[in-house]
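Subject: Handing over a structure

Hi there,

Here is the structure I promised to pass on to you. Have a look at it first, and then read on for what turned up.

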Amino acid sequence: MSLYKSGFVAIAGRPNMGKSTFLNQVLGEKIAIVTPKAQTTRTRILGVCHRPDSQIVFLDTPGIHDTRQHRYGTLNKAMVKTAYESCRDVDLILFFVDAKQGVTEEDRTILSRLPRGSAKLFMVLNKVDLVKPDRLIKRLAQISKIDTHWDEVIPISALTGQQVEPLLTLILDHLSEGPPFYPPDKITDQPERFIAAEMIREKVFLLLSRELPYTTAVQLDRFEEAKGRLEIDATILVERASQKPILIGKRGAMLKRIGSQARQDLEGLFEIQVVLKLWVRIRKGWMDSQAQLRDLGYPDGRGDEKV
């Protein structure tokens with residue numbers, strides 16, 4: 001009889017390394033939004049991978065970045081603080097690096113600050129589907145010369161699923177015997193309301209360019225099932241008056257596109273007809289307000305240390 005294994009695994013690294021794509025790939029469900037833009041993930045997302053003889057609890061974290069380069073100090077510092085704190089008291093840390101870039105100086109700085117403790121440390125070289133084999137060999141040789149002690153180094157493609165299953169096997173090899181932490185029907189601790197708001201925010205990131213998506217948030221005003229359908233009223237918050245017409249678009253065209261694409265994803269997620277109504281409102285200073293960040297479900301940076 002095989003032993004049941006369980007443990008907590010943090011997914012860490014710089015922004016846009018494919019961490020959320022990996023979590024969704026492992027779970028076979030989209031619980032973390034994914035866009036080509038950096039810093040899409042704003043809070044810690046928990047995802048539970050259930051197997052007959054094991055349970056891996058993943059903690060997907062915001063990308064760790066230099067907060068001095070961003071004007072929205074409170075939110076960005078809170079995001080980085082959340083990422084570091086999520087690495088405390090876990091059994092294993094997956095440190096994601098872009099296979100195209102290799103290990104950068106910023107990666108080295110982050111690694112030196114990780115509150116690793118006794119956790120195992122894996123180097124995950126992601127996006128190998130975009131790298132030629134000879135270049136990948138050079139990247140692996142580079143990693144072998146780094147002073148950091150890696151328990152494992154594994155190249156994967158979170159997008160295609162290449163080498164993801166072997167990575168899960170390696171993770172289980174390093175976890176100890178233990179009971180499940182969550183029931184078999186639970187894959188995340190995020191409430192449905194938060195996931196719905198994030199799905200809408202994802203469309204804002206995908207459909208709008210430049211800085212605007214980073215200054216937006218989604219607030220759910222109504223979320224209830226009635227007459228065999230899910231009715232959602234949501235407000236997209238912006239920081240400045242000049243941003244509101246951009247989000248709405250000519251004759252409401254952009255807001256309709258955001259709503260239409262979000263509704264399709266929400267219906268796929270909740271497996272029910274969704275009626276989605278969107279509004280746009282100006283809320284100055286929300287990104288630097290701890291109270292408003294808490295209300296929106298984001299980390300607020302309380303007790304923040306230098307990051």
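Q55 is part of strand β3, which covers residues 54–60 (strands are DSSP runs of E with at least two residues, helices are runs of H or I with at least four residues, and both are numbered from the N terminus). Before going further, please keep in mind that this is a predicted model, in which local features need pLDDT of at least 70 and side-chain atom pairs count only at pLDDT 80 or more, while totals for chains, interfaces and linings use all residues. Residues are numbered from 1 along each chain as its sequence is written, and side-chain values use heavy atoms, with hydrogens and water left out.

Back to Q55: its relative accessibility is 1%, so Q55 counts as buried (buried means under 20% relative accessible area, exposed over 50%, and partly exposed in between, with a 1.4 Å probe and protein chains only). Contact means heavy atoms within 4.5 Å, and beyond its neighbours within four places in sequence, Q55 is in contact with residues including Y4, K5, H50 and Y182. A polar atom of the Q55 side chain also lies 2.7 Å from the backbone nitrogen of F181.

Next comes T215, in the loop between α6 (192–207) and β7. Is T215 buried or exposed? T215 counts as buried, because its relative accessibility is 0%. Its side chain and that of Q243 are joined by a polar contact of 3.1 Å (a polar contact is a pair of N or O atoms within 3.5 Å; within protein, one must be able to donate a hydrogen and the other to accept it, and residues adjacent in sequence count only if both atoms are side-chain atoms).

Strand β7 itself (residues 217–226) holds D221. D221 is partly exposed, with a relative accessible area of 39%. The D221 side chain has a polar contact of 2.9 Å with the side chain of Q219, and another of 2.6 Å with that of T235. Not counting residues up to four places away in sequence, D221 touches R193, D233, A234, T235 and R281.

Two helices are worth a visit as well. T82 sits in helix α2 (residues 73–86) and counts as buried at 15% relative accessibility. The T82 side chain reaches the backbone oxygen of A78 at 2.9 Å. T82 and R44 are 38 residues apart in sequence, yet 6.8 Å apart in space, C-alpha to C-alpha. Leaving out residues up to four places away in sequence, T82 touches R44, P62 and P299.

In helix α5 (residues 164–174), the buried residues are V164, L167, L168, I171 and L172. They cover an arc of only 140° around the axis, which puts them on the same side of α5 (the arc is that of the directions from the helix axis to the C-beta atoms).

Finally, the largest pocket has about 380 Å³ of space. Its lining is made up of 25 residues, with N16, G18, T21, V34 and T35 lying nearest its centre. Helix α1 (residues 19–27) gives the largest share of that lining, three residues. A pocket here is an open set of points on a 1 Å grid over the protein atoms alone, where a 1.4 Å probe fits, with protein on both sides within 12 Å along at least five of seven lines; lining residues have an atom within 4 Å of a point. The volume is the space filled by probe spheres set on the points, which are joined across faces, edges and corners.

Enjoy exploring!
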